[in-house]
Structures are given as structure tokens and as C-alpha cells.
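Please look through the structure below alongside this note.

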Amino acid sequence: MTEQKTMLEVRGLKKYFKVPNGGNLHAVDNVSFTINEGETLGIVGESGCGKSTLGRVILRLHEPTAGKVLFDGMNITAFNKQEMQKMRSKMQIIFQDPFSSLNPRYTVAQAIEEPLKLNGIGANSAERKQRIEEMMDLVGLAKRTYNAYPHEFDGGRRQRIVIARALALNPKFIVCDEPVSALDMSIQAQILNLMISLQKQMGLTYMFISHDLSVVKHISTDVGVMYLGQMVEKAPKDALYKKPLHPYTVALLSAIPIPDPDANRKKIILQGEIASPINPKPGCRFALRCPFANDTCRSITPDLIEVQPRHFVACHRSAEMQEGILQY
């Protein structure tokens with residue numbers, strides 16, 4: 001069996017934002033993980049958990065406070081502005097709202113051509129036109145829309161323009177920041193299937209950020225669960241969905257809608273206060289909402305450790321969760 005190549009490695013990544021009272025908001029706090037080439041890591045969690053900030057820090061759209069990001073073995077956190085500019089062609093992002101991420105004054109062709117111009121791809125307009133048409137065909141945009149503007153499209157086709165623009169530079173890695181959450185359900189499925197097809201066709205590596213656990217299960221290889229800036233669980237998707245080992249993950253999965261109205265499944269309603277991400281105290285940040293929290297949980301921050309092959313959990317009581325001793 002061929003050993004898989006690591007495309008992205010994140011080590012102890014932190015991003016703190018200063019707040020008016022002099023404290024620091026710990027948006028991303030000591031996050032570590034790897035993504036193998038050609039695979040998809042889904043990142044899930046409640047709003048405000050730091051998912052989107054994590055994606056932006058990895059791409060250095062936000063500068064990290066501490067930690068390292070290794071892309072294809074290169075420490076890109078040490079790159080200067082010029083070096084990072086060259087790296088942009090290999091690392092792209094797809095934003096949540098396709099309308100706000102497109103310039104309303106640019107036609108489809110101009111939107112896709114812009115990164116080609118900035119990166120010096122295509123010796124002349126004829127070569128760039130050929131590349132634009134290739135990208136439009138790749139994502140399923142009709143050639144007759146070449147000179148159309150974003151307002152002339154529905155949300156699904158606008159997102160296809162954004163995907164075509166991201167792929168124009170032939171990247172290796174793409175951060176997908178809730179790319180289907182603003183779309184209707186039927187359009188979501190089309191865009192997800194397109195992204196899966198493109199991944200197989202082009203060997204792309206994704207980090208897929210979403211609050212929708214059903215969407216993440218459909219597209220991901222592994223899934224990472226974040227809570228208040230920290231990764232609390234990471235595992236292959238089948239293992240995580242079948243037997244989650246962190247109390248927060250268990251609660252999250254219980255909220256996934258089931259199409260069977262007669263299904264008898266307990267929905268877990270979390271009680272208690274959400275801890276403040278501003279200058280957080282030592283201890284598990286989920287402890288205030290966790291029915292299994294003890295004094296150790298409230299005083300010592302748990303490390304993310306491998307409890308099963310490729311299954312990592314940051315919980316002092318994960319062994320009891322694994323054995324079934326602790327249950328909601």
C-alpha cells in the first residue's frame with residue numbers, strides 16, 4: 001500500500017485578537033492536525049468556534065499569533081510577502097457568499113481572468129481566454145455567459161464562477177468556507193457533487209468548513225470538531241459519526257435531522273453557560289456545559305491525544321466515553 005503524502009500540517013496554531021479591555025480573544029488556540037493529499041478534512045462546530053478564522057490563518061489572510069503551517073513540507077508562516085504571493089496560486093479559498101465575493105462590475109470572464117493576470121499566467125489575452133473557457137466548461141458554466149455579470153445568475157451558478165476563479169491557477173489546496181450554506185438544498189447537492197468530482201479529477205485537497213454535519217459527512221475523509229477555538233476531536237468520518245468520544249461531539253451529532261418522523265432518537269440539549277474566549281482560564285472549555293465534568297476538567301486543559309488509530313480526543317474522560325460508562 002502506497003504511503004499517503006501529507007499536504008498540510010498545522011502545529012500549535014494560535015490566533016488572538018486584542019479586545020478593548022486589554023484582553024485577548026482566543027479565536028484559534030493551539031490547534032494541530034494534518035491533511036493528506038487528495039483528502040478532505042471537514043471542520044465543524046457552533047458559530048463563533050473559530051472555524052473560519054482557522055481557515056484564514058492557514059492561508060495567512062490573518063497573520064498567526066503563534067504556531068506553524070507546513071504546506072507541502074514548507075513552513076509558510078516564515079514566508080515574507082513576496083514568497084507568500086507566489087504561494088497563493090497553490091492555496092485558494094471559496095467563500096460562503098458568492099455574491100459578495102465577486103466584483104459586481106466584472107463579467108464572468110473578467111472575474112476568472114483577474115488571478116491569471118495577477119500571477120502572470122497566459123502570454124496574451126488569447127491564451128487567457130482559452131483558460132477561462134476551460135474553467136467555465138469544467139464547472140458547468142455555458143459559454144454564452146462569458147460576458148454576463150454576477151447579478152444575472154442565481155446563487156448556484158455564482159458559486160460555480162467562484163470555484164472556476166479558484167481553480168484557474170491550478171491550486172493544490174482549497175479552503176472551502178461554508179461554500180454551500182447560502183444555497184438552496186437542491187443547489188447545495190449540485191455544488192457538493194461538483195466539488196467531489198473536481199477533487200477526483202484534479203487531485204485537490206480540501207479543508208471544508210461547515211456547521212452542517214450532514215454536508216460534512218457527505219464530502220469529508222476526516223472530521224475535526226472545534227469548540228471555542230480548540231480542536232476537541234478529530235477522526236475518520238465513519239469512526240466519528242459511529243462512535244464519537246467527546247461529549248460535545250455526541251451532542252452535536254444528536255442534532256442532525258433524521259428524515260424518518262417516527263425515529264426514536266434522543267436530542268441532547270446542552271445546559272449551562274458558554275465559557276468566555278477572552279483570556280480563558282485553564283481547564284476544558286466545554287466543562288461549564290458538560291454533565292460529566294469533574295474537578296480535573298475544570299482546572300486542567302486536556303491535550304488532544306490519539307485514543308484509537310487516527311482518532312484524537314481532547315477529553316479527560318474519553319476512556320470512560322469509549323467504554324460506554326459515560327452516557328447522556
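1. Buried means under 20% relative accessible area, exposed over 50%, and partly exposed in between, using a 1.4 Å probe and protein chains only. Cys284 has a relative accessible area of 19%, so Cys284 is buried. Cys290, at 16%, is buried too.

2. This is a predicted model, in which local features need pLDDT of at least 70 and side-chain atom pairs count only at pLDDT 80 or more, while totals for chains, interfaces and linings use all residues. Residues are numbered from 1 along each chain as its sequence is written, and side-chain values use heavy atoms, with hydrogens and water left out.

3. A disulfide is a pair of cysteine sulfur atoms within 2.5 Å. By this rule the count is zero. Cys284 is in no disulfide, and its nearest cysteine sulfur, in Cys297, is 6.2 Å away. For Cys290 the closest cysteine sulfur is that of Cys315, at 6.4 Å, which is too far for a bond.

4. Helices (H or I, at least four residues) are DSSP runs numbered from the N terminus. Helix 3 (residues 108-118) packs against helix 4 (residues 125-139) at about 120 degrees, with axes 10 Å apart. Axes are lines fitted to C-alpha atoms over the stretch in contact, and angles run from 0 to 180 degrees between N-to-C directions. The two helices are therefore oblique; angles under 35 degrees count as roughly parallel, over 145 as roughly antiparallel, 65 to 115 as roughly perpendicular and the rest as oblique.

5. Contact means heavy atoms within 4.5 Å. Residues of helix 3 that meet helix 4 include Ile112 and Leu116, and those on the helix 4 side include Ile132 and Met135.
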